[in-house]
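I open my notebook here to keep track of what I look up, one contact at a time.

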Amino acid sequence: MQMVEFEFRNELIKEDFSLNYCYQCGTCSSSCPVALVTEGEYNPRKIIEQSLLGLKDLLIKDQKPNIWLCCTCQMCVEECPQNVFLTEIFERIKNRIVSEGEPYPETFKTQAISVIENGLAIPLTQPIIRRREQLELPKVESADINEIKKLLEATDFKKKIKILEVSK
Amino acid sequence: MSYNYFLGCVIPGRLPFLEASARKTFEKIGMKVGDQANCSCCPDPTGAAQLDHESFLALGARNLCLFEKSKSNVLSLCSGCTESLKTIKYILDNDNEKKEVINSKLKAIGMSYKGNIDIKHFAEVLYENIEKIKKMVKKPLKDLKVAGHPGCHYLRPSEIMNWDDPLNPQTLDKLIEIIGADPVDYNLKNDCCGNPVEKTDKEISLIMLENKLKSMKEAGTDCIAVICPACFQQFDFNQREINKRNNTDYNFPVFYITELIALAMGMNTEKLGLNFHRIKVNDVLQKIT
Amino acid sequence: MSKISKNVMVIGGGIAGIQASLDLAERGIKVDLIEKNACIGGRMAQLDKTFPTNDCSICILAPKLAECFRHPNITLHTLSEVKNLSGQQGDFKVKIFKKARYVKEDECINCGQCIEKCPMRVEDEFDMKLRKRRAIYIDYVQGVPSIMTIDRENCLFFTKNACRICEKVCEREAIDFDQEDEEIELNVGSIIVATGYDIFNPKSLNSLGYGRYPNVVTALEFERLISASGPLGGHLTRPSDKNEPKKLAFINCVGSRDIKNNPYCSSCCCMYTTKEAMIAYEHNNEIETSIFYIDLRAAGKGFREYIERGENKYAISYIKGKVAKILEDEQRNPIIVYEDINTSQVKQFKFDLVILATTMVPKKDAVTLAKILGIKTNDFNFFKANSYYPQISSKEGIFLCGACREPMDIPSSVVDASGAAAKAAEAIMRG
């Protein structure tokens, strides 16, 4: 049985008040390309409904619907007749999944580690550097990695996304 | 205020030829754009932003601080970077509390965000210079049917991007038109290419791509024009993948709009690195010469 | 002491204005009924049937039109607009601008010979531009006054100083190109505003494809398409290929309940889409209809039963889910992408014809008229009504009824009109 967690609901509303305005018309799911491909298994309206009801376990633990399937195209936001900022609310929920240590797709983690270690999601490789020269492109002056590390320490990034062990 | 390039991760690290066409195009229209050293990942609006909002804001604000120090605006070559940086600016400029928190984090590296620079997507700047481009066209791409894919992060959320119509975008098609090509209208023009979903489920990502390709094919296009490296990868790398799985024969050459503009301006195809595309562009080159 | 006028002016000759005029006239009060078009009748005349009884709309309306025309206490001013207002309750002075008709009202017998010979083809507003009329015309067959009008903007005599064929063929010598626009002054004790509404233009909702897809039409266009007096003579075919549509879809709340367009409820699209689906079924019982809705707001008397009847006897499926996206296939069939909220499934389905239930919006010149009359408009530019006495405007002596103050259906407009008539009478009798 799903428990209603008022605290969770109130936190979500506090972070983005537009959640309160949803009247469950289904415009978002009708405009969502992922919802169409998955025949509604991924369903933005349902995520909002569950948020409004405070069904925390369903959203955070079971992750049903799988919120990581949102393609962030923001069609729902543009079409919503009540100006609910769905993608913003989804982002808050995903942040919660991560900070509560629930599983999330590996690729997100890999990308985050690359940013921590290289400052970039895709580090420059030797063949690419050569190709850049071939194309007469200037050398990329990448980010000062110590600065990035210090900044991400200040925001507690590694701890929040549960990848402390990797840096060791 | 002048512009410095914000290259992001995908273009310099994987698709440098897109950068070449952009640099050459801006040079041709007489715009001097500088290079900004020390930039990190924007960070990815479909990646880091989903993990931790605060780190997303801090990393992006750091990038903006670099531009503030150089006293130059951001000229981004990627839609994702543009959305991230515009969103971060929007949040920090409108939410003092968050700005203070982020500045307290930036203190660790001796920076502070002020909010006195502007962020532009390269297609935005191209569109603003459309008359100049028109004058520079030497070889109009006559009879070339181009399916423009404006993508998502170039347009939405419109409240933040504040540029083209988010549900009926025009600017990319106007750019296609101005170089003599024929912009193709197709059913799913506004739909996502599927790239961001690849992180979670490749299968779904490919179905989304195939839906787009099908719609483009029905409209009878010769090639595809994009303005975002993530979309470029999706279209250029994954058509074959779809063919392999579904026994289809999608083979649309994919261009960055700056590549098409450069071609219309009569630039050398080798220097543009068109040979680095996975889907060969020869048919299109033959058609336009 | 100033002279107290006992006339009431009613602005707008739709069902609300007509009802208000008749109520007042029956009470012995003289009425000046001002109508902008050449004929009275308004939106109701455009409708094929009315809900929830499915009565023929014009059959109910026509006797009222005739009564209005011949009632000794009602003076009809067609082709007329209010240009200026001064004075106060009990003694308003009104300037009316009356466009020339170029047809002698007492001579024309509506024989139609002029129409047959007129060489011009003009978009017919009454038929939602779905067919052409001539430059000399009558708004609709049963229109009152039952006489012709020449449309100056399109008549060859006025545009090119040529033609004059109508003048030659008219046996009654009713054509008079020398008529001139007039300014009339009226002195009235109170005023009823009943100017009605415009239809929301769904072209701005790009994802629905209206204007791009020929087989996506608005509900009022559909009403004309299916009407026996409409451009198709009641034999429904779809615009792209003239085939008979078998699968219809209605999308409710288009342009209403939407912060980005109009936040208010259209108040009648749940009902009129059901009605139009029923009419379609009565024409051809192979037709199956889906109505996509947010909520079914069937709150009137007999309304819920009406919807149940639609479901059980007219092959209508009601699907809970607002549609945001319409695509089109190569045969120009609209494809609707929707979530069926009852099952949470997201699907796409191909239809032959899609009808958008567009909402009522204020008349585009509502703000101008409000300024002339010195009354207030609300947040949406409907005329602002008093919260507790909804027929009372923001100005003493001026009353409101019908959809000019908020979206409402025909039964509500009639009730509203009688209320406004009572108030307007009260105002002059007190004086």
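How many residues of chain A are in contact with chain C, and how many of chain C with chain A? I noted that this is a predicted model, in which local features need pLDDT of at least 70 and side-chain atom pairs count only at pLDDT 80 or more, while totals for chains, interfaces and linings use all residues. Residues are numbered from 1 along each chain as its sequence is written, and chains are lettered from A and ligands numbered from 1 in the order in which they are written.

**Entry 1: chain A and chain C**

I found 18 residues of chain A in contact with 20 residues of chain C, where contact requires that the C-beta atoms of two residues, placed from the backbone, lie within 7 Å. On the chain A side, two or more residues come from each of α2 (27-31), α3 (33-37) and α4 (44-53), and α2(A) gives the most, with 4 residues. These labels follow DSSP runs numbered from the N terminus, with helices (H or I) of at least four residues and strands (E) of at least two. By class, I wrote down 4 nonpolar, 10 polar and 4 charged residues for this side of chain A; Ala, Val, Leu, Ile, Met, Phe, Trp, Tyr, Cys and Pro count as nonpolar, Asp, Glu, Lys and Arg as charged, and the others, Gly among them, as polar.

**Entry 2: chain B and chain A**

Next I looked up chain B, of which 54 residues are in contact with 49 residues of chain A. On the chain B side, α1 (10-14), α2 (16-28), α3 (48-51), α4 (53-70) and α11 (202-218) each supply at least two residues, and the largest share, 6 residues, comes from α4(B). I recorded the classes for this side of chain B as 29 nonpolar, 13 polar and 12 charged.

**Entry 3: two domains of chain C**

The domain assignment, which is automatic or from a database, gives chain C domain 1 (8-99 + 181-196 + 363-430), domain 2 (113-169) and domain 3 (201-359). I saw that the C-alpha centres of domain 1 and domain 2 of chain C lie 27 Å apart, and that their contact takes 14 residues from domain 1 and 9 residues from domain 2. On the domain 1 side, α3(C) supplies the largest share, 5 residues, and the classes there are 10 nonpolar, 4 polar and no charged.
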